[in-house]
Amino acid sequence: MTKPYILYGMAASLYTGKVRAHMRHNAVPFIEHKAGGQRFATVVKNAVNRWIFPVVETPDGAFLQDGSVILDHFDAAGLSKRSIYPSDPRLIVISHLFELFGGEGLLRPAMHYRWNFDDVNLSFIRATFEDTLPDGLSPEERAAMFEKPSQRMRKAAAFFGVTPDVYGTIEESYAQFLSLLNTHLTTRPFLLGGYLTIGDYGLFNPLYAHLGRDPKPLQLMQTKAPRVFRWTERMNSAETFVDETVETAGPDMVDADVLPETLKALMGYVAEEYLPELLAHIAFANDWLARHPDPSSAHDPKQRAIGMATFDWRGHDITTAVMPYRFFLLQRMQDAFDALEPAHESQMQSLFSETGLAAMLKARTTRRVVRENHLEVWA
């Protein structure tokens, strides 16, 4: 029997979800260990240079960290039934757009709906967060130790702009997104057609672990966007399961020459919801880089943020953490765009202009972000 992969993470982890979903969907043999276990706290933490998950330990003992890096490894190793990168390079650009937006642009509703509804969520969250606690604790010790990660994550919510003055706007904006995605999924099983792409996995990050699993947002999704909920079930299903919607759709993807209006509407939402924040972060980072010619001496890459940037979001001035990881994901989309042949490049420029996203193709940090020793560093 082939030695299985080991996935270190937690059931409630936003970033673990897409890795677990890929392994299930593609029958990759794996065992999941909780992030609070002894091996994770010692061997795994030392191997990846910080306490972070998901981490995958390969059958030969190597360690992989970061969901996108892990999925790329699986895809390159032939462990995807069908590549998560469409054959049409234009669709790869769009896939990376939603990889970025799903992982980073939906953090406000993800954090708000998890941590600001204790009357509905708290007992469930307390139980699921036991995945991060050490082994051998008594029930009383588990209850006491939950308070530490709980308070840490509540403070982290503010770093993503989740403050009381914008709670209502977060809820209105997320309701708009659910409606748009629910409509888009009316005639197709996945984001771009008949099979999964990196864009689906990016959206799955928040739409499962936080927004499709915690009691308060789960009820909202099931009642207001049932097709989105069904998509999360489809994403999370075993390799042996194929529902009628997938069977009927077949392997066809959307036509990049005539994209669905529902997909364009989702891209327009990304422009309104996330582009102002991303541009503010790029401007902050470029100013920071200009002031720190040797960024490695000014910032410990084990700390995810280099500072805070303020911008206008839906009529509110909010301040959020500037994290190099977001630029790493943005570069993946921009690299895919830069690799297009001229005719396709012109077509994507027109599409991104039409949907209000033109600046996302051009705005770049003066230094690239690369990953070295499982950390994001400035090239």
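Q: Leaving aside its neighbours within four places in sequence, which residues is Phe-327 in contact with?
A: Phe-327 is in contact with His-281, Ile-282, Ala-285, Val-322, Thr-365, Val-369 and Trp-378. Contact here means heavy atoms within 4.5 Å. Before we go on: this is a predicted model, where local features need pLDDT of at least 70, side-chain atom pairs count only at pLDDT 80 or more, and totals for chains, interfaces and linings use all residues. Residues are numbered from 1 along each chain as its sequence is written, and side-chain values use heavy atoms, with hydrogens and water left out.

Q: Okay, is Phe-327 buried or exposed?
A: Phe-327 counts as buried because its relative accessibility is 2%. The cut-offs are under 20% relative accessible area for buried, over 50% for exposed, and partly exposed in between, using a 1.4 Å probe and protein chains only.

Q: And where is Phe-327 found?
A: In helix 16, which covers residues 324-338. Helices (H or I, at least four residues) and strands (E, at least two) are DSSP runs, numbered from the N terminus.

Q: How do helix 3 and helix 16 pack?
A: Helix 3 (residues 67-76) packs against helix 16 at an angle of about 35 degrees, and the axes are 11 Å apart. Those axes are lines fitted to C-alpha atoms, for helices over the stretch in contact, and angles run from 0 to 180 degrees between N-to-C directions.

Q: Which residues meet there?
A: From helix 3 you have Ser-68, Val-69 and Asp-72, and they meet Tyr-325, Phe-328, Leu-329 and Arg-332 of helix 16. That contact divides into 4 nonpolar, 1 polar and 2 charged residues. Ala, Val, Leu, Ile, Met, Phe, Trp, Tyr, Cys and Pro count as nonpolar, Asp, Glu, Lys and Arg as charged, and the others, Gly among them, as polar.

Q: New topic: how many residues of helix 4 are buried?
A: 16 of its 17 residues, so helix 4 is mostly covered. Helix 4 spans residues 89-105 and reaches 23 Å from its first C-alpha to its last, close to the 24 Å expected at 1.5 Å a residue. The expected span is 1.5 Å times one less than the number of residues.

Q: What about holes: how many cavities of 30 Å³ or more are there?
A: The count comes to 1 cavity, and the largest cavity has a volume of about 30 Å³. On a 1 Å grid over the protein atoms alone, a cavity is a set of points where a 1.4 Å probe fits but cannot get out, and lining residues have an atom within 4 Å of a point. Grid points are joined across faces, edges and corners, and a volume is the space filled by probe spheres set on the points.

Q: What lines the largest cavity?
A: Its lining includes Glu-104, Arg-108, Phe-160, Glu-277 and Arg-326. Helix 4 and helix 5 (107-115) are the elements that give two or more residues to that lining.

Q: Where is the cis peptide bond?
A: A cis peptide bond joins Phe-53 and Pro-54, with omega about 15 degrees. Pro-54 lies in the loop between helix 2 (38-48) and strand 3 (55-57).

Q: Last one: what's phi for Ala-27?
A: Near 55 degrees, a positive value in a residue other than glycine. Ala-27 sits in the loop between helix 1 (17-25) and strand 2 (30-34), and it counts as partly exposed because its relative accessibility is 46%.

Technical notes
On a 1 Å grid over the protein atoms alone, a cavity is a set of points where a 1.4 Å probe fits but cannot get out, and a pocket is an open set with protein on both sides within 12 Å along at least five of seven lines; lining residues have an atom within 4 Å of a point.
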